[in-house]
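Subject: Structure for you to look at

Hello,

Here is the structure I promised to pass on. Please open it next to this message, and my notes on what I found follow below.

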Amino acid sequence: MPHSYGYRARTRSMFKRGFKEHGPIKLSTYLKVYRIGDIVDIKANAAQQKGMPHKYYHGRTGIVYNVTPTSVGVIVNKVVGNRYIEKRVNLRVEHVRHSKCRQEFLDRVKRNREAAVEAKAKGERINLKRIPAQPRAAHTISTNGNIPQTMTPVPYETTI
């Protein structure tokens, strides 16, 4: 029997609800505030079929460009051939959540601001640049009190 090419074809596991997340949608979903410029993740909620994204956009991240009482407009970049196309998708708030991708950056900005204010109060300069992990320093290992051990494989034995 031929398989279908419909709008929701091959989405059995994609659109299913998570473990212990079945049932009606929580009210906190509707109480979240979205503003233009927010970064959001698109994750379709199968309990609400209206305003559901196409399967391509499930799991994508975009930027809010429009907000209405029940839905948000999201700009998502889509790869088509050898270029990116900016797609504008209108989704209900049930299928959208705030992204945590910028949280680490925002925390670092806050930490750097506090450190700069503290350093300025003391009257010293501070370097806030991140330094990648450096190679370990050179060292020598002595066998004094550290006897070398010989490792041999254990022969295979069946327990039957």
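**What I found**

The bridge partner of Val-40 in S5 is His-98. Strands here, like helices, are DSSP runs numbered from the N terminus, with at least two residues (E) for a strand and at least four (H or I) for a helix. Before going further, a word on the source: this is a predicted model, in which local features need pLDDT of at least 70 and side-chain atom pairs count only at pLDDT 80 or more, while totals for chains, interfaces and linings use all residues. Residues are numbered from 1 along each chain as its sequence is written, and side-chain values use heavy atoms, with hydrogens and water left out.

**The sheet**

Val-40 also stands opposite Gly-62 in S2, and Asp-41 faces Arg-97 in S5. S1 is joined to S5 by 3 bridges, in antiparallel fashion, and S1 pairs with S2 over 3 bridges, again antiparallel. For pairing, DSSP has to find at least two bridges between two strands.

The whole arrangement is an open sheet of 5 strands in the order S4-S3-S2-S1-S5, with antiparallel pairing. Strand S4 (83-92) and strand S5 (96-98) stand at the edges with a single partner strand each, so one side of each has no neighbour in the sheet. On average, neighbouring strands are turned by 45° against each other, direction ignored; the axes behind that angle are lines fitted to C-alpha atoms, for helices over the stretch in contact, and angles run from 0 to 180 degrees between N-to-C directions.

In a regular strand the side chains alternate between the two faces of the sheet. In S1, Val-40 and Ile-42 form the covered face, and Ile-39 and Asp-41 the uncovered one.

**Gln-48**

Gln-48 lies in the loop between strand S1 (39-42) and strand S2 (61-67). Its relative accessibility is 16%, so Gln-48 counts as buried (buried is under 20% relative accessible area, exposed over 50%, partly exposed in between, with a 1.4 Å probe and protein chains only). Its side chain makes a polar contact with the side chain of Glu-94 at 3.3 Å. A polar contact is a pair of N or O atoms within 3.5 Å; within protein, one must be able to donate a hydrogen and the other to accept it, and residues adjacent in sequence count only if both atoms are side-chain atoms. Leaving aside neighbours within four places in sequence, Gln-48 is in contact (heavy atoms within 4.5 Å) with Ile-25, Arg-92, Glu-94 and His-95.

Arg-10 has a positive phi of about 55° although it is not a glycine. Arg-10 sits in the segment before helix H1 (28-31) and is exposed, with a relative accessible area of 56%. Lys-20 is likewise not a glycine, and its phi is near 60°. Lys-20 belongs to the segment before H1 and is exposed at 74% relative accessible area.

**The chain as a whole**

The protein chain has 2 helices and 5 strands, following the pattern α-β-β-β-β-β-α along the sequence. Its radius of gyration is 27 Å, whereas a compact globule of 160 residues would have one near 15 Å (taken over C-alpha atoms; the globule rule is 2.2 Å times the number of residues to the power 0.38). Buried residues make up 20% of the 160 residues.

Best wishes
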